[in-house]
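Hi everyone, thanks for making time. I'd like to walk you through one model this morning, so let me put it up on the screen.

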Amino acid sequence: MTDEKFLKKSQQGELDAVPMYNALAKKFADKNPEVAEILKGMAADEGRHASVVKNISGDSSLRPKMLKAKAVPVLMNCIGKRTMFKIIAGQEYKAYDTYAPWIDKFPEIASVQADEKRHGDLCMKIVTLL
Ligand SMILES: [Fe+2]
Ligand SMILES: [Fe+2]
C-alpha cells in the first residue's frame, strides 16, 4: 500500500469511529452509565487518532461517514450486545496489527496503535459488564 493510501484509509477509519462510539455511548447512557463512559472515552481517543493521522497526511478534506454510527446500533439489536462488542474488539485488535508495519516510518502512530490494543481490551471488558 502506498503511504498516501494508508494515511487516507487510516484517517477515514479513525474519523468514522468517533460517531460510532458516540452513538453506542448514547444507547447505554441510561441503563449502563459505566459502559457509556468507556465508550465516550474511546470516541475521544478516536478523535485524537484522526488528528494524529491528519497531522501526517496534511489532508483536512476528510469528514466522518455516518454509516457505521447508524448501522452498528441496529446490528447490535439483531446479533446481541455481547456478540457486537466481541466483533468490535476484533476490529480494534486488527487495527493494532494494521498499524504495526507503519510505526517505523510514522513514529507518531505508535501511541495510536497502543490505544487500539487498549480499545480491544476495553471492548472485551464491556462484554463482562453487559
Ligand atoms: Fe483509533
Ligand atoms: Fe480504536
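Here is a question to start with: which residues in H2 meet which residues in H5? Keep in mind as you look that this is a predicted model.

On the H2 side we have Glu34, Val35, Ile38, Met42, Asp45, His49 and Val52, and they meet Val112, Asp115, His119, Leu122, Ile126 and Leu129 of H5. Sorted by class, that contact has eight nonpolar, two polar and three charged residues.

Now the geometry of that pair. H2 covers residues 33-57 and H5 covers residues 109-129, and their axes come within 11 Å and cross at roughly 165°. Angles over 145 degrees count as roughly antiparallel, so H2 is roughly antiparallel to H5. As for handedness, H2 passes H5 in a left-handed crossing.

Let me stay with H2 for a moment. The helix has 25 residues, and from its first C-alpha to its last it reaches 36 Å, close to the 36 Å expected at 1.5 Å a residue. Which of its residues are buried? They are Val35, Ile38, Leu39, Met42, Asp45, Glu46, His49, Ala50, Val52 and Val53. After H2 comes Gly58, with a positive phi, near 70°.

That brings us to H1, and to one residue I'd like you to find there: Pro19. Is Pro19 buried or exposed? Pro19 counts as buried, because 20 C-beta neighbours lie inside 10 Å. Setting aside neighbours within four places in sequence, Pro19 is in contact with Pro64, Met66 and Ala69. For a sense of distance to H5, take Asp115, one of the H5 residues that meet H2. Pro19 and Asp115 are 96 residues apart along the chain, and their C-alpha atoms are separated by 17 Å.

Pro19 also belongs to a helix pair, H1 with H3. H3 spans residues 67-79, and the two axes come within 7 Å and cross at roughly 35°. H1 passes H3 in a right-handed crossing. From H1, the contact uses Asp16, Pro19, Met20, Ala23, Leu24 and Lys27, and from H3 it uses Lys68, Ala69, Val72 and Pro73. By class, this contact has seven nonpolar, no polar and three charged residues.

That's my tour, and I'm happy to take questions.

Methods. Residues numbered from 1 in each chain as written. Chains lettered and ligands numbered in written order. Predicted model: local features only at pLDDT ≥ 70, side-chain atom pairs only at ≥ 80, totals over all residues. Axes fitted to C-alpha atoms, helices over the stretch in contact; angles between N-to-C directions. Helix = DSSP H or I, 4+ residues; strand = E, 2+ residues; numbered from the N terminus. Parallel < 35°, antiparallel > 145°, perpendicular 65-115°, else oblique. Left-handed = near helix turned anticlockwise from the far one by under 90°. Contact = placed C-beta atoms within 7 Å. Nonpolar A, V, L, I, M, F, W, Y, C, P; charged D, E, K, R; others polar. Expected span 1.5 Å × (residues − 1). Buried ≥ 20, exposed ≤ 12 C-beta atoms within 10 Å, placed from the backbone.
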